[in-house]
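Please keep the sequence and the model in view while reading.

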Amino acid sequence: MTSEDDAGASTTAGPASGAAPGGGDLERITGAFAGLFGSAPDGVWAAPGRVNLIGEHTDYNEGFVLPFALEHRARVAVALRPNGPARLRAASLQGADPAGTGQAATTGRITEADLGHLVPAAVEPWARYVAGIIWALQQRGHEVPGMDILLDSDVPPGAGLSSSAAIECAVALAVDELLGTGIPRGELVLVCQRAENDFVGAPTGILDQSAALLGTAGHALFLDCRSRDARQVPLDLAQLGLALLVIDTRVAHAHESGGYRDLVAACRRGAATLGVHALRDVGPARLPEAQRLLDPDTFRRVRHIVTENQRVLDTVATLDADGPQAIGPLLNASHASMRDDFGISCDELDAAVDAAQRAGALGARMTGGGFGGSAIALVAAADAATVAESVRGRFATEGYLAPEIFSVRPGPGAHRVDR
Ligand code: ADP
Ligand code: MG
């Protein structure tokens, strides 16, 4: 295990500070693994975080999304212990509370779980993203032996860039390949979703896991979350003199908490009242009727989903016809809808979006589940530094924590990295 397949994945840093992807190398994770567990891993796998270009909260409404895989990723070194006790031993080089400390520790602390009785309450919260995969595989009838897993991730946790799915997908691909279960990637998406929904307890859709497992470099993934049909949409921003900035507000969110759950419930209520299986089945033409039938709050939630689905379709059509330089107004409209109708923005996200728009971004919106996390801004590459400075200035004036700002481009989906 001497080569790193992805040296080219170093940051597209742009004007930005911090959060450079590819921070840990293969030697670091294999060396730390040997130090912790006393032998070499069987292999090392990586899965990326993601940004969602557009299509927020549409996934669990069986609608459309358009994410892409980041060059930031979670790596896992894994060794099966088929002759040992059926226990999971897991550690993270970022510690058990990466969002809390913001520090990468040099050594991990091992946490253990009994694979014979996997229940979330008996597993440390961070390790549920790992153990949940094993649990979901057991639920599918697979025999899973004891194993050791070390995690090393440069996807910032709680930043709306899906550090959680990066962990799940890296573990799922590793275990699938090591056990030779041969589960197709499209099915692994569902294994990972099941782990997050039913073991971690976050009622998320398939957006994050699909981006991490199905994403490809240079493309966004246009995904129909009902049929699970996916199309790779070319997104070569650099060639067009464009850049996509991520503005991590450093306001951490937690999806297993109540706000997300309430939104899922509002969408279900709206769908039930409108007599459809999911809000995917409600087109813009039915909005006046929805307004008559629903209470004002539920109606606004429904209106976001209905209009956001349409915006994803419009964005893909615009990308096909006119290219990414033309999608700015759709990004701006998406943000307004999340702020005013879905109620998932926050002051810091609104400030980031507003400052970017005023400084000449072609479009900007919050991305991810909301209640904090990151915004994205589509900018002319030549304006990237100015836009980033403007956002930093606005945050300083408002007295907010300094944001992390970095440029991203579509990277590869999950893959083995030590071969
Ligand atoms: P997001 O997926 O948007 O980053 P989530 O709340 O879904 O946010 O997942 C973040 C959680 O994932 C963290 O609170 C932590 O439990 C876990 N996590 C993410 N990265 C790491 C890491 N490097 N080491 C340990 N746990 C991590
Ligand atoms: Mg997550």
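A pocket, as the word is used here, is an open set of grid points with protein on both sides within 12 Å along at least five of seven lines, and its lining residues are those with an atom within 4 Å of a point. The model to which this is applied is a predicted one.

With that in mind, consider the second largest pocket, which has a volume of about 340 Å³. Its lining is made up of 18 residues, and those that lie nearest its centre are Tyr-60, Asn-61, Glu-62, Val-264 and Arg-268. The elements that give two or more residues to this lining are H5 and helix H7 (258-273), and the largest share, 4 residues, comes from H7. Sorted by class, the lining of the second largest pocket holds 9 nonpolar, 6 polar and 3 charged residues. Because domain 1 (3-235) and domain 2 (238-408) both give residues to that lining, the second largest pocket lies between them.

Rolling a probe the size of a water molecule over the atoms shows where empty space is left. In this model the count comes to 3 cavities of 30 Å³ or more, and the space in the largest cavity is about 110 Å³. The largest cavity is lined by 12 residues, among which Arg-50, Asp-59, Leu-207, Asp-208 and Tyr-260 lie nearest its centre. By class, its lining comprises 2 nonpolar, 6 polar and 4 charged residues. Domain 1 (3-235) and domain 2 (238-408) each supply at least three residues to the lining of the largest cavity.

Next comes helix H4 (residues 163-179), whose 17 residues reach 24 Å from the first C-alpha to the last, close to the 24 Å expected at 1.5 Å a residue. Of the 17 residues of H4, 14 are buried, so the helix is largely enclosed by the rest of the structure. Just after H4, Gly-180 takes a positive phi of about 65°.

What is the count of aromatic pairs? It comes to 5 aromatic pairs. In one of them, the rings of Phe-64 and Phe-222 have their centres 5.9 Å apart and their planes at 35°, so the pair is tilted. This pair links distant parts of the chain, since Phe-64 belongs to strand S2 (residues 64-81) and Phe-222 to strand S6 (residues 219-224), 158 residues apart. Both Phe-64 and Phe-222 are buried.

Trp-135 and Phe-199 also form a tilted aromatic pair, with 5.8 Å from centre to centre and 40° between the planes. Here too distant parts of the chain are linked, with Trp-135 in helix H3 (residues 128-139) and Phe-199 in helix H5 (residues 185-200), 64 residues apart. Is Trp-135 buried or exposed? Trp-135 has 14% relative accessibility and so counts as buried, while Phe-199, at 3% relative accessibility, counts as buried as well.

A last stop is Pro-120, found in the loop between strand S4 (111-114) and H3. With a relative accessible area of 27%, Pro-120 is partly exposed. The C-alpha atoms of Pro-120 and Trp-135 are separated by 9.6 Å, and the two residues are 15 residues apart along the chain.

Conventions: Residues are numbered from 1 along each chain as its sequence is written. Chains are lettered from A and ligands numbered from 1 in the order in which they are written. This is a predicted model: local features need pLDDT of at least 70, side-chain atom pairs count only at pLDDT 80 or more; totals for chains, interfaces and linings use all residues. Side-chain values use heavy atoms; hydrogens and water are left out. On a 1 Å grid over the protein atoms alone, a cavity is a set of points where a 1.4 Å probe fits but cannot get out, and a pocket is an open set with protein on both sides within 12 Å along at least five of seven lines; lining residues have an atom within 4 Å of a point. Grid points are joined across faces, edges and corners, and a volume is the space filled by probe spheres set on the points. Ala, Val, Leu, Ile, Met, Phe, Trp, Tyr, Cys and Pro count as nonpolar, Asp, Glu, Lys and Arg as charged, and the others, Gly among them, as polar. Domain bounds come from an automatic or database domain assignment. The expected span of a helix is 1.5 Å times one less than its number of residues. Buried means under 20% relative accessible area, exposed over 50%, partly exposed in between (1.4 Å probe, protein chains only). Rings of Phe, Tyr and Trp (its six-membered ring) pair if their centres lie within 6.5 Å; planes under 30 degrees apart count as stacked, over 60 as edge-to-face and the rest as tilted.
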